[in-house]
Every structure is written in structure tokens, then in C-alpha cells.
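Open the model in your viewer and keep the selection panel at hand. The tour visits a pair of helices, then a sheet.

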Amino acid sequence: MPSPWRGALPDESGPAKARTRSWLASLGIDRGDIVRTETFTARNSVAMLHFEDGTALLLKKVDPATSKAVGTATGNEETMLRLLPEAGVPQFAQAAVPRFVAADPETETLVMEGKTGFISMREFTRNSPVIPVPALVSLASVTAGIHRTPVDRITADPRYAPQLIDFPFASFVTLTPAELASGPGMDYFDYAAAMQSVDESVARLRDGWGPKSLVHFDLRDDNVLFKDPDGAQPRVALVDWELAGFGDPMLDVGTVVGQLLIRWLHTVRGDAASLSRADTWATVRRNVGLFLTAYEHGAALSAEQRDDAFRYAGLATLMYAAGRLEQIGSLGRIGHLCLFVGRKLLTDPQGLARLLAPGRPAKAGA
């Protein structure tokens, strides 16, 4: 059966539209007329089909790397989307995850229920890093609900061995001169030096890593969506589950904290010296403090877990700097700020925690 992925994406009329409906019918899907097709920028083809009945379907080409890693044509995302309901994830958290509809192994395409009327955290914070309290609470509640789902039975099942995630951050201590010289971007040496300086802290995270809970693994601002974020009862959606599996939930928490930091750093004027003023941190302190407080209502954190969450936030900011090197070849002002904050979070998580979440209990003996 011809697929909309062979050649151009479907339009809203003519043979392409009929071809798309025929392809969907081959998967047992009939939603009526397609009234609009929306495409998205991503590593692989992604499109949202909007139907006349008001529903939508998200079509996504499977990433070849994750497909190869788990040994199936439709990759890891199908496995995780099928697993979440079976694992006993709370219903309110399940509602934030796209529902799996169908998969086409021949064309390596996933079909999921589309999340309509949502806006990404990146778009929402483009003009201001301030996130309304209800939106932060919704995000924290859903994340905690996923993390507190028991996983011992699942992680002991050999069928899910590919979903047991290895620690994702390599050591930079043993980089050779040739590897340094071939790194992306003219500021790669600065980035590598920063990663080498935090290697001991990264090793601590590596030693504590294990399949402790379900983790999304990629809670970047493009994968966190809000509907009516300024309203009294906003909805949240967590999309793009192709990297998900079982690991340390503090990676997810730290990634969100890191994203809140990065969006705020984009608004900071001046160099790193401006970060020495407490008032500079007011907005991000508010966002991070509210998110962590709401998260702990659903999943309490030990002092060690809070430290690890801030360390992972540091890694998130360092990875953002690495992305700038790969994309534009230079760290720029924001990249250098990310290096500064990332190193501080990894080497002294409690120090920045006092700035970002004042009033939290310190570790005993600290």
C-alpha cells in the first residue's frame, strides 16, 4: 500500500489526500476527510493530520538509530507508548502522553493521537521565561506520577532489556589531542575543559545510575507542551518517547530544571558577573522552586536526590552548550553562560540550590 512518506508529505486535496486516506485505511483507521496537514521540524518526518471531526493523528517516521537499538522496525517509542498503560501509570499522567494508534513496519511509521491546541514550552517562554503557577504544577504532577509508578516487575522482564538505559554521559578525561582538534566548533576546547572539570561529579551520577523508574529521558522544552497555559486549569503533554526507558528519575527532573535555567539565561544581560547579584535570579528561582515543590507533592525527594537533580540540571545546560557548537560552531554569550552555570551546578549543587530553591533542608552534616 502506498504511503504518504514515499515522496512529499500529503496535502489537503487531490490524489495525495486520497492516497493518505487509503494508507490509513490499510492500518484500520478511518477518520473521514483530512482538512489540514501540519508538518514539524524534526530529525525525521513528522506530520499532524487534522480531520473534519476535530480529531488529529500524528504521523512520525521512526528514528533508524533507536529502531536498530531495540531491534524492531517501529522502534522504542511504540514499545514505551504501549507499556505506559500496562505499567499502571496514573490516569492523569497517562492523559499527558500521546496514545498509540497504529504502526506500519513497512514504512517504519508510527501513528499516535495528535495533541491539538498545545504550545511548546519553548514557544511559550520565547518572550518571557515566567511560567504560570498552574502550568508548572501540572508539569510537575504529571512527571511525578510517571516516576512513582512501580517498575520492579517490568525491569525484571527480559522482554524489556533494551529499555534499561545505560548512563548517557561519557567521560571527557581521556580525550586525545586528535579528538580535541576534531571537536565541533571553534570553542570546543572550552567545552571539553568544562566537561573535564566536572568529571568527578558526573562519575558520582554514573555510580548511582540504575533502572529506578520510568523516565522520559528527553524533557527538553520542545517536548513539553501546554494547552491554555495562562488559564486556571492548563493541560500538559509530554511527547517524543523514542528515547524513554528505565533509569534515574532525577535525570528528568534535572532536565526540566535545566530547561527553566536555559530559557532564563537567554534573558540575562551582561556576562557571568551579573549572576553574582541575587536579584538576577528572581525569575528562575520562582520557576524552579515552584516546580520542585509541586513535584515533591507527588514524589518526595531525599537530600541526595535533590543534589542529583541539580547536577543533572548542570549537565542539561552543558549539553545545550554542546548543541550550539554543533549547530552554529560557536558557544556565544549564552553558551558561555551555560558552561558557567553548568559547572557550578555539578560541582556545588547545594550552593546553587540555595539560590534556586531557598528554604529547602540541607543535607545532614553539610
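Axes here are lines fitted to C-alpha atoms, for helices over the stretch in contact, and angles between N-to-C directions run from 0 to 180 degrees. The model is a predicted one.

**Stop one: a helix pair**

Select residues 303–328, which are helix α13, and then residues 332–347, which are helix α14. The two pack at an angle of about 155°, and their axes lie 8 Å apart. Angles over 145 degrees count as roughly antiparallel, and α13 and α14 are therefore roughly antiparallel to each other. The crossing of α13 past α14 is left-handed.

Now show the side chains where the helices touch. On α13, select F310, R311, A313, G314, L315, T317, L318, Y320, A321 and R324. Their partners on α14 are G332, I334, G335, C338, L339, V341, G342, R343, L345 and L346. Coloured by type, the residues of this contact between α13 and α14 comprise 12 nonpolar, five polar and three charged.

**Stop two: the sheet**

Move on to the strands. Five of them make an open sheet, with antiparallel pairing, in the order β1-β2-β3-β5-β4. Select 34–40 for β1 and 100–104 for β4 to see the edge strands, each of which pairs on one side only. From one strand to the next, the twist averages 20°.

**Stop three: one edge of the sheet**

Which residue of β5 stands opposite A102? Select V111: this is the β5 residue facing A102.

How values were computed: Residues numbered from 1 in each chain as written. Predicted model: local features only at pLDDT ≥ 70, side-chain atom pairs only at ≥ 80, totals over all residues. Heavy atoms only, no water. Helix = DSSP H or I, 4+ residues; strand = E, 2+ residues; numbered from the N terminus. Parallel < 35°, antiparallel > 145°, perpendicular 65-115°, else oblique. Left-handed = near helix turned anticlockwise from the far one by under 90°. Contact = heavy atoms within 4.5 Å. Nonpolar A, V, L, I, M, F, W, Y, C, P; charged D, E, K, R; others polar. Pairing = 2+ DSSP bridges.
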